[in-house]
Amino acid sequence: MTHFIILPGSGGSGPEHWQSRWESANRAMQRFQPSSWDLPDFTDWLAALEAAVGAAPGPPVLVAHSLSCLLVAHWQKISLRPVKAALLVGVPDPASAVFPGHGMAFARIPAGRLRFPSLVVASTDDPYGSQEYARARAKQWGSRIVVIGPFGHINADSGLGDWPEGLELLDSLMSEA
């Protein structure tokens, strides 16, 4: 059975967020646990991801949203732990006007491809990161990209509910991995 690690962004994903809904519906999905969701500490989040991957029964699939997409890019450069694949949803642009100041430690994205298959999912009207930015990150990371239309930051406010289309994207990523 594949194990999934849910990686919310800043603030953690509330109960109406698709990540929380997926986690509630599938016991193979476990949330990583940094010390603070509201004031992300870069070193703490790296350690929490390392611990979560280390505790997984096999190479997990990472399911990241927002700030955690940047976390994954940093973490995979310093860890040797195996990962099956990563779904990266709503990649934020640190240069955007709404990028939170407390996230700036995540902003210096390391160069190069990710060391595992990945899929970037973007929206056409994400205030945290343009479609062009998402395409640039996908190219840099060697990721496939899917633009799903006007769904904002692809979060609870996007009205996606259980987001079955996202689960289909996750399934397609897993079949590629």
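Modeller: One definition to start: contact means heavy atoms within 4.5 Å. Keep in mind that this is a predicted model.

Colleague: Which strand does helix H3 run at about 135 degrees to?
Modeller: Helix H3 spans residues 67-78. It lies across S1, strand S3 (61-65) and strand S4 (85-89). The angle of about 135 degrees is the one to S3.

Colleague: Which strands stand at the edges of the sheet?
Modeller: The sheet is open, with six strands in parallel pairing. Their order is S2-S1-S3-S4-S5-S6. An edge strand has a single partner, so one side of it is left without a neighbour in the sheet. That applies to S2 (29-31) and S6 (144-147).

Colleague: Which residue in S2 stands opposite Phe4?
Modeller: S1 covers residues 4-7 and pairs with S2 in the parallel sense over three bridges. Opposite Phe4 stands Met29.

Colleague: How many charged residues are in the lining of the largest pocket?
Modeller: The pocket has a volume of about 250 Å³. Of its 16 lining residues, Gly9, Ser10, His65, Ser66 and His153 are closest to the centre. The lining divides into six nonpolar and 10 polar residues. The number of charged ones is none.

Colleague: Is Ser66 buried or exposed?
Modeller: Ser66 is found in the loop between S3 and H3. Its phi is positive, near 55 degrees, in a residue other than glycine. Buried means under 20% relative accessible area. Ser66 has 11%, so it is buried.

Colleague: What is the relative accessible area of Trp163?
Modeller: Trp163 lies in the loop between S6 and helix H5 (164-176). It has a positive phi of about 45 degrees, although it is not a glycine. Trp163 is buried, with a relative accessible area of 2%.

Key: Residues are numbered from 1 along each chain as its sequence is written. This is a predicted model: local features need pLDDT of at least 70, side-chain atom pairs count only at pLDDT 80 or more; totals for chains, interfaces and linings use all residues. Side-chain values use heavy atoms; hydrogens and water are left out. Two strands pair if DSSP finds at least two bridges between them. Helices (H or I, at least four residues) and strands (E, at least two) are DSSP runs, numbered from the N terminus. Axes are lines fitted to C-alpha atoms, for helices over the stretch in contact, and angles run from 0 to 180 degrees between N-to-C directions. On a 1 Å grid over the protein atoms alone, a cavity is a set of points where a 1.4 Å probe fits but cannot get out, and a pocket is an open set with protein on both sides within 12 Å along at least five of seven lines; lining residues have an atom within 4 Å of a point. Grid points are joined across faces, edges and corners, and a volume is the space filled by probe spheres set on the points. Ala, Val, Leu, Ile, Met, Phe, Trp, Tyr, Cys and Pro count as nonpolar, Asp, Glu, Lys and Arg as charged, and the others, Gly among them, as polar. Buried means under 20% relative accessible area, exposed over 50%, partly exposed in between (1.4 Å probe, protein chains only).
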